[in-house]
Amino acid sequence: SMIEDCIDDGDYVLIDSDAAIEPGDVIVACKRVDSSERGAATLKRFFKEKSRIELRPANSTMQPIFVDADEWQRDWLIQGKVKAVYRLFDHTRK
C-alpha cells in the first residue's frame, strides 16, 4: 500500500514508538488487542481531521481508510512513526 513511497512488500521498517506524530507522517497503526480484528497492522500516512482519522496509502490504486474519531480512540493504536526502510537484496536468484 506504500509503493509510491518506495516501501515494497518484504521491506522492513524501523519505527520510533516515542516520536511525535505530525500530519502526513508514515505510521504503523493497528487495532487494539481487544478488537475483533486484532493483529492487523497497517502502514499508512496519518491525517487527523475534525471528526475522523484518515490513513492514506501511497498507492493510487488503493483507497484511504477513514476511522471515526471515537472509534480511533477506542479501537486503534499507533505503534510508531516510520524512521527508516530496510530492504534485503537476494542476488542469488536466477
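Student: Over the ring of which residue does the charged end of Arg-56 sit?

Tutor: This is a predicted model, in which local features need pLDDT of at least 70 and side-chain atom pairs count only at pLDDT 80 or more, while totals for chains, interfaces and linings use all residues. Residues are numbered from 1 along each chain as its sequence is written, and side-chain values use heavy atoms, with hydrogens and water left out. A charge sits over a ring if NZ of Lys or CZ of Arg is within 6 Å of the ring centre and within 35 degrees of the ring normal. The charged end of Arg-56 lies over the ring of Phe-47, 3.9 Å from its centre. Likewise, Arg-52 places its charged end over the ring of Phe-66, 3.8 Å from the centre.

Student: How many aromatic pairs are there?

Tutor: Rings of Phe, Tyr and Trp (its six-membered ring) pair if their centres lie within 6.5 Å; planes under 30 degrees apart count as stacked, over 60 as edge-to-face and the rest as tilted. By this rule there are three aromatic pairs. One of them joins Phe-46 and Trp-72: the ring centres are 5.9 Å apart and the planes stand at 45°, so this pair is tilted.

Student: Which parts of the chain does the pair of Phe-46 and Trp-72 tie together?

Tutor: Helices (H or I, at least four residues) and strands (E, at least two) are DSSP runs, numbered from the N terminus. Phe-46 belongs to strand E3 (residues 41–48) and Trp-72 to helix H1 (residues 69–75), so the contact ties together parts that are 26 residues apart in sequence.

Student: Is Trp-72 buried or exposed, and why is its pair with Trp-76 called stacked?

Tutor: Buried means under 20% relative accessible area, exposed over 50%, and partly exposed in between (1.4 Å probe, protein chains only). Trp-72 is buried, at 9%. The rings of Trp-72 and Trp-76 have centres 5.4 Å apart and planes at 15°, so the pair is stacked. Phe-46 is buried at 8%, and Trp-76 is buried at 8%. Ring pairs link Phe-46, Trp-72 and Trp-76 into a cluster.

Student: How many salt bridges does the structure hold?

Tutor: A salt bridge is a side-chain nitrogen of Lys or Arg within 4 Å of a carboxyl oxygen of Asp or Glu. The structure holds eight. Among them is the bridge between Asp-8 and Arg-87 (3.2 Å, N to O). This pair links distant parts of the chain, with Asp-8 in the segment before E1 and Arg-87 in the segment after strand E6 (76–86), 79 residues apart. Asp-8 is partly exposed at 29% relative accessibility, and Arg-87 is partly exposed at 33%. Asp-8, Asp-11 and Arg-87 are linked in a network of salt bridges.

Student: Where in the chain do Glu-71 and Lys-31 lie?

Tutor: The side chains of Glu-71 and Lys-31 meet in a salt bridge (3.4 Å, N to O). Glu-71 lies in helix H1 and Lys-31 in strand E2 (residues 26–31), 40 residues apart. Glu-71 is partly exposed, at 24% relative accessibility, whereas Lys-31 is buried, at 11%.

Student: How many disulfides does the structure hold?

Tutor: A disulfide is a covalent bond between the sulfur atoms of two cysteines. The criterion is a pair of cysteine sulfur atoms within 2.5 Å. The structure holds zero disulfides. Cys-6 is exposed at 57% relative accessibility, whereas Cys-30 is buried at 8%.
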